[in-house]
Amino acid sequence: MATLREIKRRIGGFKSTLKITQAMKMVAAAKLRRAQDAMIAARPYSKALDSLLKDLLSSAGDEIAQSPMLFGRQLRDPKTEKVLLIIVSSDRGLAGAFNTNIIKFAEARIRELYSEHLTSKRLSIITVGRRATDYFTKRGYDIIEKHVGIFTKIDFSTAKAIAEKTTALFADAEYDKIELIYNEFKSVLAQRQTADRLLPVLDRSTVVESKKGTPSFEYIYEPEPAEILNVLVPRQLETQVWKSLLESNAAEQGARMSAMDSAAKNAKDLIAKFQLFYNKARQAAITKEILEIVGGAEALTKG
């Protein structure tokens with residue numbers, strides 16, 4: 001059985017852990033508020049861009065359907081398709097299953113959809129966050145670009161750089177499909193692993209569907225819709241990457257806040273449990289001393 005000193009030392013360790021977890025929870029809560037505000041502010045802009053893009057497609061001529069950036073390029077052999085995945089994780093741990101879930105989701109998607117691409121070396125990855133970078137680097141994946149430490153001070157320039165890099169690779173026919181994999185913020189307790197297509201922007205069937213319906217508003221565009229799309233599509237891609245970074249950042253802080261709250265509760269439970277052990281051991285020691293004193297006194301009396 002552990003001595004009183006050992007039990008007391010362990011209780012002190014649990015109390016120190018409790019202070020750390022409570023402090024980390026408070027820091028995560030403050031960061032979560034700012035991250036949520038930035039994420040909520042970006043959502044209307046992203047939604048408006050998507051709506052404008054669909055309306056432009058319904059007004060544009062048939063020649064726009066030939067745009068590789070919008071609808072992809074026709075491949076003679078589907079087995080030559082090259083895929084690029086942008087996987088967003090966090091730079092730090094202590095966020096529960098946040099990083100584990102997104103890595104498992106990415107690997108499951110690769111197994112289900114891109115196993116042949118991986119085998120024939122037609123799959124590449126851009127990692128965002130130290131956890132994804134370390135994981136996929138150790139396992140020998142083809143990583144063409146790494147972004148580490150961006151969540152310390154998240155900035156739109158990072159999203160713009162990623163969007164410009166992927167757009168250039170797609171335009172040069174280096175890749176035929178680019179996907180964005182990240183944790184979408186649902187609530188403090190829940191994140192949803194999401195895979196969004198970045199390029200091409202739309203399916204070829206989308207232009208057919210958009211032309212079937214009547215636009216909710218009749219706009220007069222100047223210059224022509226096709227020219228506007230050339231400017232709008234890069235902006236939409238930057239916004240999509242930026243939104244995913246904000247979503248992932250908010251989801252990370254929510255996951256860390258929840259994990260630290262659970263850790264603090266566990267520390268309190270352990271403190272209470274070991275305090276009970278300490279009291280029982282102390283009581284047993286005192287009782288033993290009393291019995292020894294009484295026994296000695298009786299022995300002296302009989303003598």
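# A tour of the predicted model

Start with the whole chain. Take the contacts between residues with a separation of 6 or more: residues 24 or more positions apart account for 79% of them. Keep in mind that this is a predicted model. Colour by secondary structure, and eight helices and five strands come up. Read along the sequence, they follow the pattern α-α-β-α-α-β-α-β-α-β-β-α-α. The protein has 303 residues, and 40% of them are buried.

**Stop 1: the largest core**

Select Leu70, Ile86, Val128, Ile178 and Val201. They belong to the largest nonpolar core, which has 46 residues, and they touch the most other members. Which elements give two or more residues to this core? They are α1 (4-59), α2 (68-71), β1 (83-88), β2, α6, β4 (177-185), β5 (191-199) and α8 (225-302). Helix α8 gives the most, with eleven residues.

Now zoom in on Ile86. Ignore its neighbours within four places in sequence. Ile86 is then in contact with Ile126, Val128, Ile162, Thr166, Ile178, Glu179, Leu180, Ile181 and Leu198.

**Stop 2: another core**

Is Leu123 buried or exposed? Its relative accessibility is 4%, so Leu123 counts as buried. Leave aside its neighbours within four places in sequence, and its contacts are Val83, Leu85, Ile110, Tyr114, His117, Leu118 and Asp142. Next, draw a distance from Leu123 to Lys177. Their C-alpha atoms are separated by 9.9 Å, though the two residues are 54 residues apart along the chain.

**Stop 3: helix α3**

Select residues 98-113, which form helix α3. Its 16 residues should span 22 Å at 1.5 Å a residue; the end C-alpha atoms are 23 Å apart, which agrees. Colour the buried residues of α3: Phe98, Asn99, Ile102, Ile103, Ala106, Glu107 and Ile110. They cover an arc of only 155° around the axis, so they sit on the same side of α3. Why can residues line up like this? An α-helix has 3.6 residues a turn, so residues three or four places apart point the same way. Now turn the helix around. The face away from the buried side of α3 carries the exposed residues Lys104, Arg111 and Glu112.

**Stop 4: helix α6**

Move on to residues 156-171, helix α6. This helix has 16 residues and reaches 22 Å from its first C-alpha to its last, close to the 22 Å expected at 1.5 Å a residue. Its buried residues are Thr158, Ala159, Ile162, Ala163, Thr166, Thr167, Leu169 and Phe170. Their arc around the axis is only 165°, which puts them on the same side of α6. Step just past the helix to Ala173, which takes a positive phi of about 65°.

**Stop 5: the rings**

Finish with the aromatic side chains. A pair of aromatic rings is described by the distance of the centres and the angle of the planes. The count here is five aromatic pairs. Select one of them, Phe136 and Tyr141. The pair is edge-to-face, with 5.1 Å centre to centre and 80° between the planes. Both Phe136 and Tyr141 are buried.

Then select Phe14, Phe274 and Phe277, which form one aromatic cluster. Last, show Tyr135 and Arg139. What lies over the face of Tyr135? Arg139 does, at 3.6 Å from the ring centre.

Terms used:
Residues numbered from 1 in each chain as written. Predicted model: local features only at pLDDT ≥ 70, side-chain atom pairs only at ≥ 80, totals over all residues. Heavy atoms only, no water. Phe/Tyr/Trp six-rings, centres within 6.5 Å; stacked < 30°, edge-to-face > 60°. Buried < 20%, exposed > 50% of the residue type's maximum accessible area, 1.4 Å probe, protein only. Lys NZ or Arg CZ within 6 Å of the ring centre and 35° of its normal. Contact = heavy atoms within 4.5 Å. Helix = DSSP H or I, 4+ residues; strand = E, 2+ residues; numbered from the N terminus. Expected span 1.5 Å × (residues − 1). Arc of directions from axis to C-beta. Core = buried A, V, L, I, M, F, W, Y, C linked by side-chain atoms within 4.5 Å.
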